[in-house]
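Dear colleague,

Please find below the structure that I am handing over to you.

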Amino acid sequence: MVEISRLNEKEIYESHFEKVYKTAYFILKNEELAKDATHDTFIKAFKHLNKINQHARINTWITTIATRTAIDIYNKNKKQIAYEFKEENYLSKSDEFNVEIDELENYLDNIPPEQKQILILKYMEELTEKEIANLLSIKLGTVKSRIFRAKQKLYEQYTLGGENRVGE
Amino acid sequence: MLENNQNEQRLKEHVTKEIDSIRVPTGLKEEMWTQVQPVRKKRRIPSKVLPYIATLACVAVLIPLGLAVLPFNSEPTPSDVVTTQEEQIKTIETVLQNALNGPDAELKQIFNRDTSIEDSIQYDKERFKEYFANDTAYMEFVNSYGAVLMIIPIRNEYTLQVKDIKFEKTDSKEIIYNFSVEVLYQKEGSEKSDVEVVDGQANLNEDHKIERILIRLNDLWNAIEKN
């Protein structure tokens with residue numbers, strides 16, 4: 001493995017762009033805001049690149065910056081996002097042909113960004129709860145409760161959609 | 001317990017699927033790179049330091065004037081100047097040749113074998129360290145160039161070869177050279193090759209060691225990645 005501080009910015013950008021954008025979009029559910037978050041993530045990452053020691057896991061490091069940046073942007077634009085989400089939800093529910101729409105996606109939309117952040121770090125970066133707590137400087141109990149709440153919402157989907165649908 | 005694990009697995013699959021299904025807008029990656037790529041800024045001199053710099057500049061002007069009236073002449077002869085310039089150019093040329101020819105078998109092995117970081121540190125040290133003025137200058141170089149410069153050619157299976165280098169000393173009081181390098185790039189196993197010009201700038205000290213070097217590689221990387 002190549003030492004992180006020795007990688008050049010272009011290389012890091014090339015290999016992480018897609019993941020950063022998708023992470024931001026997963027949290028924000030808005031293309032323009034996801035673009036802003038992606039832009040800000042790389043600006044922050046490049047600024048602090050020389051502070052990363054060689055053992056740091058660059059994937060996790062950049063993903064964490066992306067989730068934090070997306071959460072900041074979410075908080076700044078909360079009202080706008082809530083309005084757009086309401087509009088989309090109303091339209092899809094009013095359309096009888098959209099009844100079969102993937103309900104899990106709607107449930108993921110309802111999960112707060114802080115819980116999505118934990119889901120990303122747990123399932124995409126495969127970090128343990130303790131590692132997530134250390135990384136985000138929050139208590140282990142907070143991590144556990146956020147995971148529990150996120151899971152609860154997703155399990156509700158299981159019940160609504162039926163086990164077979166979820167497993168599809 | 002088993003059910004729990006299955007549910008956990010399903011959750012993971014769903015989150016992964018959800019993220020994987022997100023589509024990145026076409027052209028966004030290229031467009032955004034122009035906005036986020038780091039620009040090396042020149043250091044601004046703090047205004048508080050300016051009076052000290054002015055004083056030092058005056059002293060720097062007065063001392064040679066004072067020495068000029070002494071009964072000896074220490075000015076370098078034209079041949080001294082030529083030799084010095086040759087030494088300076090030799091240093092830059094060696095670094096550029098080492099950086100832009102390759103990747104050689106050893107470097108390919110280092111990247112493909114997933115070896116320890118020590119191997120690539122050693123690789124850089126052997127080829128570049130002696131040409132730099134100090135550790136900071138050397139580290140700045142290997143952070144951006146050195147072995148990591150060859151990542152894109154290795155990943156795209158290209159070989160680089162320096163065809164020609166032109167140097168031009170700037171009018172600066174510091175020892176600064178502009179350079180342009182004709183680099184031939186060729187896909188491994190292909191007969192076809194192309195040439196791209198890479199330019200840059202190097203700043204040296206009095207001992208002909210590099211204090212800073214900038215190699216503009218964007219056009220070369222774009223050309224390789226377009227092919």
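**A buried leucine and its surroundings**

L100(B) is found in helix α4 of chain B, which covers residues 78-100. Please note that the model is a predicted one. Is L100(B) buried or exposed? L100(B) has 25 C-beta neighbours inside 10 Å, and therefore it counts as buried. The cut-off for this label is 20 or more other C-beta atoms within 10 Å.

Which residues does L100(B) touch, if those up to four places away in sequence are not counted? They are L160(B), V162(B), V181(B), V183(B) and V198(B).

T159(B) leads us to the strands. Its bridge partner is Q186(B), in β2(B). The two strands β1(B) and β2(B), the latter spanning residues 175-187, pair in the antiparallel sense over 11 bridges.

The sheet as a whole is open and consists of four strands of chain B, in the order β1-β2-β3-β4, with antiparallel pairing. At its edges stand β1 (158-169) and β4 (210-216) of chain B; each has a single partner strand, so one side of each is left without a neighbour in the sheet. On average, neighbouring strands of this sheet are turned by 25 degrees against each other, direction ignored.

Helix α9 of chain B, residues 218-226, packs on the sheet. This helix touches β1, β2, β3 (193-204) and β4 of chain B, and its direction makes about 160 degrees with that of β3(B).

**Chain B as a whole**

Chain B contains nine helices and four strands. Read from the N terminus, its elements follow the order α-α-α-α-α-α-α-α-β-β-β-β-α. The chain has 227 residues, of which 21% count as buried. If one takes the contacts in chain B between residues at least 6 apart in sequence, 57% of them join residues at least 24 apart.

**Chain A**

The secondary structure of chain A comes to nine helices and zero strands. Of its 168 residues, 31% count as buried. Residues 24 or more positions apart account for 72% of the contacts in chain A with a separation of 6 or more.

Helix α1 of chain A (residues 9-28) has a kink of about 55 degrees, centred on H16(A). H16(A) is also one of the buried residues of α1(A), which include F17(A), V20(A), Y21(A) and F26(A). Just after α1(A), K29(A) takes a positive phi of about 55 degrees.

Two packed helices are described by the angle between their axes and the distance between the axes.

Yours sincerely

How values were computed: Residues numbered from 1 in each chain as written. Chains lettered and ligands numbered in written order. Predicted model: local features only at pLDDT ≥ 70, side-chain atom pairs only at ≥ 80, totals over all residues. Buried ≥ 20, exposed ≤ 12 C-beta atoms within 10 Å, placed from the backbone. Contact = placed C-beta atoms within 7 Å. Bend = angle between axes of the 7 residues up to and from the residue. Pairing = 2+ DSSP bridges. Axes fitted to C-alpha atoms, helices over the stretch in contact; angles between N-to-C directions.
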